[in-house]
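Open the model in your viewer and keep the selection panel at hand. The tour visits cavities, then a helix pair.

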Amino acid sequence: MKKISLVLITLICTMGLVFAGGASESTAASPATAEDGTRTVRVGLLCIGDENDQGYTFNFIRGRDEASEMLAQEGINVEWVTKYNIGEDATCLDANIEAAEEGCEIIINNSYGFEPFMLEVVDDYPDIEFIACTNAASWNDGRDNTHNAFANIYEGRYIAGVVAGMKLQQMIDEGEITPEEAVIGYVGAYSFAEVISGFTAYFLGARSVCPSVTMKVSFVGSWSDATAESDAALALIDQGCVMISQHSDNTTPATAAQSRGVFHTGYNNDMTGIAPNASLISTRIDWGIYFYEAIKAYVNGEAIPQDWCGGMGDGAVVMTTLNEAIAAPGTAEKIAEVEAAIADGSLEVFDTSTFTVNGGEELTHAFALDTDGDFTADSEEAVYDGAFHESEFQSAPYFTAQIDGIEWLNAAY
């Protein structure tokens, strides 16, 4: 009763208004099936930011709208209840309750830190499907109404690394920098597997075409802190980095790179518009692919996959338009070559012959970070047939090895 009362109070206070924090977009409930045969489903989307970040949440909103268009063509109308600027704290718990009480049949949580709060709610609403994006605890928790979803974004990061590496090699060949000065600066949110997997794939892509490249990683301890991301990028440039990349939600690493005359590759959105002289390309997850599949399955009375994962071959991982005005010659052709190799399996992103750990050792087994930040053997042996097989045992990444050539300047768990 306490939970329901809180929701009712919140709904009364917010009716007809839009707030900057936790704002909700919704419309009145409709019949499940209209006279014309159109079926309607109400879906909640809880977001850590808003579309103004032009990054992470913007990408989810794009996926929401894309899925709506595809589903409408099949006679499925989606009424979205979108809540913005939800914290990775008790406000997330409240937002899940509110979405449930507002009649959502599916509730999608879009941030890594949302899942624990979502799981506090799910047993109270067994008839609602709860989805945690980029997480790993919901698919095997014994509940039928909880799900995980992610994509093989490491494939796109590898290609973004190839683009960066080709630019660095061009700079070396033209005498702008020495081989030793081919240093990448990477702005990471946290030292979690998702971030480690991504920047490792990126580095391996860069080194595949620029053998002398090294990388420095700075963690900011937040998924979305525009100022901290900018400050980290600027500090990396001050340490000699001539290429900036990121696993963070905002565009400020791109603008920082442009302000200092270095290059950049992005995440979640095409950043060439705000940094045309710096940003080469970005990679992103097309969440519309998953939203379409999950919602269609629900409406058709089919089970939503417990742990969904898509890759470039599924259209779930995409590259933005290459900034050919500043990219190295031949980059577009190289992208096509690498995409084809990933698709046909002839290129393994985490080929263990292409990197070492601990100062020259071959990676022979999977690793996981324990709660103290130490590396321990993982329960799943993901290394076999000469490669680390990322996202095979679960959709969420689990590559956490610190490979040679990448310097961690700090750590943020």
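How do the residues lining the largest cavity divide into nonpolar, polar and charged? They split into four nonpolar, three polar and two charged. Ala, Val, Leu, Ile, Met, Phe, Trp, Tyr, Cys and Pro count as nonpolar, Asp, Glu, Lys and Arg as charged, and the others, Gly among them, as polar.

This is a predicted model: local features need pLDDT of at least 70, side-chain atom pairs count only at pLDDT 80 or more, and totals for chains, interfaces and linings use all residues. Residues are numbered from 1 along each chain as its sequence is written, and side-chain values use heavy atoms, with hydrogens and water left out.

**Largest cavity.** Select Tyr56, Ser111, Tyr112, Thr134, Glu194, Trp223, His247, Asp249 and Tyr267, which line the largest cavity. A cavity is a set of points on a 1 Å grid over the protein atoms alone where a 1.4 Å probe fits but cannot get out; lining residues have an atom within 4 Å of a point. The space inside is about 80 Å³, a volume being the space filled by probe spheres set on the points, which are joined across faces, edges and corners.

Helices are DSSP runs (H or I, at least four residues), numbered from the N terminus.

**Helix pair.** Now select α5 and α10 (residues 331-344): they pack at about 150°, axes 10 Å apart. Axes are lines fitted to C-alpha atoms over the stretch in contact, and angles run from 0 to 180 degrees between N-to-C directions. The two helices are therefore roughly antiparallel (over 145 degrees).

Notes. 1 Å grid on protein atoms, 1.4 Å probe; cavity = no way out; pocket = protein on both sides within 12 Å on 5 of 7 lines; lining within 4 Å. Parallel < 35°, antiparallel > 145°, perpendicular 65-115°, else oblique.
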